[in-house]
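These are my notebook entries on one protein chain. I record below what I looked up, region by region.

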Amino acid sequence: MINEIVADTEERMQKSIGSLDDAFKKIRTGRAHPSILDSVTVSYYGTDTPLNQLANINVEDGRSLIISPWEKPLIGEIEKAIMKSDLGLNPSNNGDTLRVPMAPLTEETRREYTKQAKSEAENTRIAIRNIRRDANSDLKELEKEKEISEDELRRAEDQVQKITDKYVALVESSYQAKETDLLSF
(Lines give C-alpha, C1' and ligand atoms only; values in the text may rest on other atoms or scores of the structure.)
Protein backbone atom coordinates (compact mmCIF):
# COMPACT_ATOMS: atom_id res chain seq x y z
CA MET A 1 0.00 0.00 0.00
CA ILE A 2 2.73 2.46 1.01
CA ASN A 3 4.87 1.48 -1.99
CA GLU A 4 1.95 2.17 -4.35
CA ILE A 5 1.47 5.66 -2.90
CA VAL A 6 5.20 6.42 -3.11
CA ALA A 7 5.43 5.09 -6.68
CA ASP A 8 2.39 7.11 -7.74
CA THR A 9 3.88 10.21 -6.11
CA GLU A 10 7.16 9.82 -7.98
CA GLU A 11 5.35 9.19 -11.28
CA ARG A 12 3.22 12.31 -10.89
CA MET A 13 6.25 14.42 -10.00
CA GLN A 14 8.08 13.06 -13.06
CA LYS A 15 5.15 14.21 -15.21
CA SER A 16 5.40 17.67 -13.66
CA ILE A 17 9.05 17.85 -14.70
CA GLY A 18 8.05 16.75 -18.22
CA SER A 19 5.48 19.57 -18.36
CA LEU A 20 8.12 22.05 -17.23
CA ASP A 21 10.48 20.87 -19.98
CA ASP A 22 7.69 21.32 -22.54
CA ALA A 23 6.97 24.82 -21.23
CA PHE A 24 10.67 25.73 -21.40
CA LYS A 25 10.85 24.55 -25.02
CA LYS A 26 8.20 27.12 -25.92
CA ILE A 27 10.24 29.95 -24.43
CA ARG A 28 12.60 30.76 -27.23
CA THR A 29 16.18 31.85 -26.85
CA GLY A 30 18.09 33.81 -29.45
CA ARG A 31 19.42 30.60 -30.98
CA ALA A 32 17.60 28.44 -33.49
CA HIS A 33 16.57 25.00 -32.29
CA PRO A 34 14.01 22.66 -33.92
CA SER A 35 12.24 22.02 -30.59
CA ILE A 36 10.87 25.59 -30.68
CA LEU A 37 8.37 24.29 -33.27
CA ASP A 38 7.28 21.22 -31.24
CA SER A 39 3.96 22.86 -30.34
CA VAL A 40 3.10 23.74 -33.97
CA THR A 41 0.41 21.57 -35.58
CA VAL A 42 -0.59 21.66 -39.24
CA SER A 43 -3.93 20.72 -40.75
CA TYR A 44 -3.10 17.64 -42.83
CA TYR A 45 -6.11 16.06 -44.57
CA GLY A 46 -8.38 17.46 -41.87
CA THR A 47 -6.25 16.25 -38.94
CA ASP A 48 -4.02 18.45 -36.80
CA THR A 49 -0.60 16.85 -37.15
CA PRO A 50 2.65 17.90 -35.43
CA LEU A 51 4.93 19.77 -37.82
CA ASN A 52 7.86 17.44 -37.16
CA GLN A 53 5.79 14.56 -38.63
CA LEU A 54 5.31 16.42 -41.92
CA ALA A 55 8.71 17.95 -42.59
CA ASN A 56 12.41 17.92 -41.85
CA ILE A 57 13.43 20.76 -39.55
CA ASN A 58 17.11 21.68 -39.56
CA VAL A 59 19.23 24.47 -38.14
CA GLU A 60 20.79 26.35 -41.06
CA ASP A 61 23.07 28.60 -39.08
CA GLY A 62 22.83 29.59 -35.43
CA ARG A 63 19.98 31.98 -36.20
CA SER A 64 17.56 30.27 -38.59
CA LEU A 65 15.66 27.05 -39.22
CA ILE A 66 15.01 25.43 -42.59
CA ILE A 67 11.77 23.45 -42.95
CA SER A 68 11.56 21.02 -45.86
CA PRO A 69 8.05 19.55 -46.17
CA TRP A 70 7.78 15.98 -47.39
CA GLU A 71 4.86 17.02 -49.59
CA LYS A 72 5.35 20.32 -51.43
CA PRO A 73 1.65 21.37 -51.37
CA LEU A 74 1.86 21.53 -47.55
CA ILE A 75 4.26 24.47 -47.58
CA GLY A 76 1.45 27.06 -47.40
CA GLU A 77 -0.32 25.24 -44.56
CA ILE A 78 2.94 24.97 -42.61
CA GLU A 79 3.62 28.67 -43.12
CA LYS A 80 0.12 29.58 -41.82
CA ALA A 81 0.50 27.26 -38.82
CA ILE A 82 3.81 28.86 -37.81
CA MET A 83 2.36 32.37 -38.20
CA LYS A 84 -0.64 31.42 -35.98
CA SER A 85 1.52 29.70 -33.32
CA ASP A 86 2.14 32.78 -31.10
CA LEU A 87 5.87 32.09 -31.19
CA GLY A 88 6.59 35.42 -32.86
CA LEU A 89 8.18 33.77 -35.89
CA ASN A 90 7.84 34.93 -39.50
CA PRO A 91 8.77 32.24 -42.00
CA SER A 92 9.78 33.11 -45.55
CA ASN A 93 8.65 30.82 -48.35
CA ASN A 94 10.96 30.18 -51.29
CA GLY A 95 8.71 27.59 -52.98
CA ASP A 96 10.50 24.41 -51.83
CA THR A 97 11.39 25.21 -48.23
CA LEU A 98 10.55 27.63 -45.45
CA ARG A 99 13.28 29.64 -43.76
CA VAL A 100 12.43 30.71 -40.21
CA PRO A 101 14.83 33.42 -39.00
CA MET A 102 15.23 33.83 -35.25
CA ALA A 103 15.56 37.50 -34.43
CA PRO A 104 18.15 38.24 -31.78
CA LEU A 105 16.51 38.92 -28.45
CA THR A 106 16.67 42.38 -26.93
CA GLU A 107 17.69 42.78 -23.30
CA GLU A 108 14.09 43.58 -22.39
CA THR A 109 12.79 40.47 -24.19
CA ARG A 110 15.38 38.31 -22.45
CA ARG A 111 14.23 39.62 -19.07
CA GLU A 112 10.57 38.97 -20.00
CA TYR A 113 11.36 35.40 -21.06
CA THR A 114 13.38 34.88 -17.88
CA LYS A 115 10.37 36.02 -15.82
CA GLN A 116 8.17 33.62 -17.79
CA ALA A 117 10.62 30.76 -17.14
CA LYS A 118 10.73 31.63 -13.44
CA SER A 119 6.93 31.59 -13.30
CA GLU A 120 6.80 28.18 -15.01
CA ALA A 121 9.39 26.83 -12.56
CA GLU A 122 7.43 28.16 -9.58
CA ASN A 123 4.19 26.63 -10.90
CA THR A 124 5.97 23.28 -11.17
CA ARG A 125 7.32 23.58 -7.60
CA ILE A 126 3.76 24.26 -6.41
CA ALA A 127 2.48 21.23 -8.34
CA ILE A 128 5.18 19.05 -6.75
CA ARG A 129 4.31 20.28 -3.26
CA ASN A 130 0.62 19.60 -3.96
CA ILE A 131 1.50 16.05 -5.00
CA ARG A 132 3.45 15.66 -1.73
CA ARG A 133 0.45 16.94 0.23
CA ASP A 134 -1.84 14.44 -1.53
CA ALA A 135 0.55 11.56 -0.79
CA ASN A 136 0.89 12.54 2.87
CA SER A 137 -2.88 12.80 3.30
CA ASP A 138 -3.28 9.33 1.71
CA LEU A 139 -0.68 7.97 4.13
CA LYS A 140 -2.36 9.62 7.13
CA GLU A 141 -5.67 8.12 6.02
CA LEU A 142 -4.06 4.66 6.05
CA GLU A 143 -2.71 5.28 9.53
CA LYS A 144 -6.08 6.58 10.72
CA GLU A 145 -7.74 3.40 9.47
CA LYS A 146 -5.06 1.36 11.32
CA GLU A 147 -3.73 -0.16 8.07
CA ILE A 148 -0.23 1.08 8.88
CA SER A 149 1.53 1.94 12.14
CA GLU A 150 2.66 5.40 13.21
CA ASP A 151 6.31 4.40 12.58
CA GLU A 152 5.46 3.25 9.06
CA LEU A 153 3.69 6.56 8.49
CA ARG A 154 6.79 8.54 9.57
CA ARG A 155 9.10 6.46 7.36
CA ALA A 156 6.76 6.84 4.38
CA GLU A 157 6.45 10.60 4.91
CA ASP A 158 10.26 10.85 5.03
CA GLN A 159 10.45 8.87 1.80
CA VAL A 160 7.91 11.19 0.13
CA GLN A 161 9.86 14.23 1.39
CA LYS A 162 13.12 12.89 -0.11
CA ILE A 163 11.37 12.38 -3.46
CA THR A 164 9.93 15.90 -3.23
CA ASP A 165 13.37 17.38 -2.50
CA LYS A 166 14.83 15.50 -5.47
CA TYR A 167 12.23 16.88 -7.90
CA VAL A 168 12.35 20.42 -6.52
CA ALA A 169 16.14 20.32 -7.09
CA LEU A 170 15.49 19.15 -10.68
CA VAL A 171 13.15 22.11 -11.21
CA GLU A 172 15.81 24.46 -9.87
CA SER A 173 18.56 23.05 -12.10
CA SER A 174 16.26 23.18 -15.16
CA TYR A 175 15.40 26.78 -14.41
CA GLN A 176 19.06 27.74 -13.88
CA ALA A 177 19.99 26.17 -17.23
CA LYS A 178 17.15 27.98 -19.03
CA GLU A 179 18.02 31.28 -17.37
CA THR A 180 21.67 30.92 -18.38
CA ASP A 181 20.59 30.09 -21.92
CA LEU A 182 18.30 33.13 -22.07
CA LEU A 183 20.77 35.61 -20.64
CA SER A 184 23.83 34.48 -22.62
CA PHE A 185 24.53 36.52 -25.71
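Entry 1, helix 2. I asked which residues of helix 2 (residues 75–84) are buried. In this predicted model, they are Ile75, Ile78, Ala81 and Ile82. I then looked up what covers the buried residues of helix 2, and the cover includes strand 1, strand 3 (55–61), strand 4 (64–69), strand 5 (92–93) and strand 6 (98–101).

Just after helix 2, I noted a positive phi of about 60 degrees at Asp86. Asp86 belongs to the loop between helix 2 and strand 5. Is Asp86 buried or exposed? I take Asp86 as exposed because its relative accessibility is 76%, where the cut-off for exposed is over 50%.

I traced an open sheet of four strands, with the order 3-4-6-5 and antiparallel pairing. Strand 3 and strand 5 each have a single partner strand and stand at the edges, so one side of each is left without a neighbour in the sheet. For the pairing of strand 3 with strand 4, I recorded six bridges in the antiparallel sense. Within this pair, I found Val59 opposite Leu65 of strand 4. I keep one general point beside this entry: in a regular strand the side chains alternate between the two faces of the sheet.

Entry 4, the hairpin. Strand 1 (residues 41–44) and strand 2 (residues 47–50) run antiparallel and are joined by four bridges. I located Tyr44 opposite Thr47 in strand 2. The hairpin has two residues between the strands. Tyr45 is in the loop between strand 1 and strand 2, and its phi is near 50 degrees, a positive value in a residue other than glycine. I count Tyr45 as exposed because its relative accessible area is 69%.

I next examined Lys146, in the loop between helix 3 (107–144) and helix 4. Lys146 is a residue other than glycine with a positive phi, near 60 degrees. At 74% relative accessibility, Lys146 is exposed.

I looked up Thr9 in helix 1. Its relative accessible area is 2%, so I list Thr9 as buried. Which residues does Thr9 touch, not counting residues up to four places away in sequence? I found Ile131, Ala135 and Val160.

Entry 7, the largest pocket. I noted a volume of about 170 Å³ for the largest pocket. Its lining consists of Phe24, Lys25, Ile27, Arg28, Thr29, Arg31, Ala32, His33, Ser35, Ile36, Lys178 and Asp181. I divided the lining into four nonpolar, three polar and five charged residues. Helix 1 (2–26) and helix 4 (150–183) each supply at least two residues of this lining.

Notes: Residues are numbered from 1 along each chain as its sequence is written. This is a predicted model: local features need pLDDT of at least 70, side-chain atom pairs count only at pLDDT 80 or more; totals for chains, interfaces and linings use all residues. Side-chain values use heavy atoms; hydrogens and water are left out. On a 1 Å grid over the protein atoms alone, a cavity is a set of points where a 1.4 Å probe fits but cannot get out, and a pocket is an open set with protein on both sides within 12 Å along at least five of seven lines; lining residues have an atom within 4 Å of a point. Grid points are joined across faces, edges and corners, and a volume is the space filled by probe spheres set on the points. Ala, Val, Leu, Ile, Met, Phe, Trp, Tyr, Cys and Pro count as nonpolar, Asp, Glu, Lys and Arg as charged, and the others, Gly among them, as polar. Two strands pair if DSSP finds at least two bridges between them. Buried means under 20% relative accessible area, exposed over 50%, partly exposed in between (1.4 Å probe, protein chains only). Contact means heavy atoms within 4.5 Å.
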